[in-house]
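I wanted to look up the strand pairing, the domains and the ligand shell.

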Amino acid sequence: AQLQDLSGDKVKAAKNMAFVFDIDGVLVHGDRLIPEGKRALEILNGDNELGIKIPHIFLTNGSGKPEKPRVDQLSKILNSPISTDQFIQSHTPMRALAEYYNTVLVVGGEGYKCREVAEQYGFNDIVVPNDIIAWDPTIAPYRVFTDAERATSRPRDFSQVNIEAIMVFSDSRDYATDMQIIMDLLRSEKGRFGTVAKDPDSQRIPIYFSQGDMLCPTEHPIPRMSQGTFRIGLEAMYKALTGVDLERTVYGKPELATYKYADEVMASWMEQIHGDECLPSNIYMVGDNPASDIVGGNMYGWNTCLVRTGVFQGGDNDEVNPANFGVFENVLEVVTTAIKKEL
Ligand code: G3P
Ligand code: MG
């Protein structure tokens with residue numbers, strides 16, 4: 001009976017814990033598996049001493065394709081089933097904006113994938129920079145616009161259209177063109193191309209960015225610039241051209257809105273796994289980037305765990321944003337240590 005009580009307590013404890021995983025630098029590097037990630041997920045999916053599932057969700061600043069193909073790709077790499085119901089990428093919470101704006105400019109990403117993302121989020125009238133160039137190529141004087149791009153774009157007379165908001169969903173593939181078009185809109189009269197507002201501040205349309213990372217690790221030895229640097233460039237240009245500060249909204253880690261959204265996703269995932277929407281008391285955030293994963297998790301009261309398989313290359317802990325649960329070699333070490341502590 002005592003043994004049964006003990007395992008009952010353990011099951012209770014297991015139901016009161018959960019993990020939030022960063023993806024890039026924790027579970028994978030791009031398309032390449034971090035082997036310990038696969039084992040960590042097996043344990044959480046039930047291959048543990050209690051034989052029960054331990055809830056976990058994924059919270060990534062990644063972007064640029066719809067949720068379903070992204071989780072399918074991840075499931076394949078990690079050889080583990082992953083549902084869109086446990087997955088948040090940088091632009092996922094931006095789906096809530098679809099009800100506020102009818103015509104939006106969507107910027108970033110490969111080809112027209114971000115148009116597809118916006119369609120799936122329920123945005124009604126989606127414009128991408130190629131649609132604008134196809135209407136008036138002089139708008140982007142340095143852009144070489146191919147016939148294939150022209151054939152796949154959706155031009156119309158944009159001098160008759162009010163763009164109501166700008167959504168930067170993913171990294172710009174052409175800073176010169178995207179910055180020119182965004183700046184034209186920010187300086188226009190209520191999002192109308194061909195106009196320049198006398199008082200840009202009062203007529204300016206809102207701009208949203210899906211995340212704020214300055215740098216992103218890639219195959220290149222030195223990390224590459226990301227949406228954060230693109231945004232800072234725009235802010236500086238806007239200030240220089242108008243004299244006023246650009247107001248903007250940023251999503252993704254470490255922004256508060258993203259963590260609140262993660263709570264909602266976690267609660268409904270708890271319902272799916274344990275039949276109870278209650279948020280667990282012990283949430284472990286596993287990340288590789290102190291400036292996004294760890295600072296956000298610390299602010300939000302989660303147990304933060306920094307791994308050495310990604311951006312962080314430092315010593316005992318990060319000096320500016322130390323992980324409160326500690327630094328670990330890899331994600332498997334985090335999962336086994338946290339389970340040992342809780343159960
Ligand atoms: O910086 C963009 C992206 O690669 C970060 O992904 O999963 O580390 O938040 P993640
Ligand atoms: Mg990462």
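Which residue does Met285 stand opposite in β14? I looked it up: Met285 stands opposite Thr304. I note that the model is predicted, that local features need pLDDT of at least 70 and side-chain atom pairs pLDDT 80 or more, and that totals for chains, interfaces and linings use all residues. Residues are numbered from 1 along each chain as its sequence is written, while chains are lettered from A and ligands numbered from 1 in the order in which they are written.

Sheet. I found 4 bridges joining β13 (residues 282–287) to β14 (residues 303–307), and the two strands run parallel. Strands (E, at least two residues) and helices (H or I, at least four) are DSSP runs numbered from the N terminus, and two strands pair if DSSP finds at least two bridges between them. I read the order of the open sheet of 6 strands as β5-β4-β1-β13-β14-β15, with parallel pairing. Its edge strands, β5 (87–88) and β15 (326–328), each pair on one side only.

Domains. I took the bounds from an automatic or database domain assignment: domain 1 is 2–89 + 272–342 and domain 2 is 92–250. I see their C-alpha centres 33 Å apart. The contact (C-beta atoms, placed from the backbone, within 7 Å) takes 12 residues from domain 1 and 15 residues from domain 2.

Ligand. I listed the residues around ligand 1, among them Asp22, Asp24, Asn61, Asp213 and Asn289. Both domains give residues to this shell, so ligand 1 lies between them.

Methods
A residue is near a molecule or strand if its C-beta atom, placed from the backbone, lies within 6 Å of it. Two residues are in contact if their C-beta atoms, placed from the backbone, lie within 7 Å.
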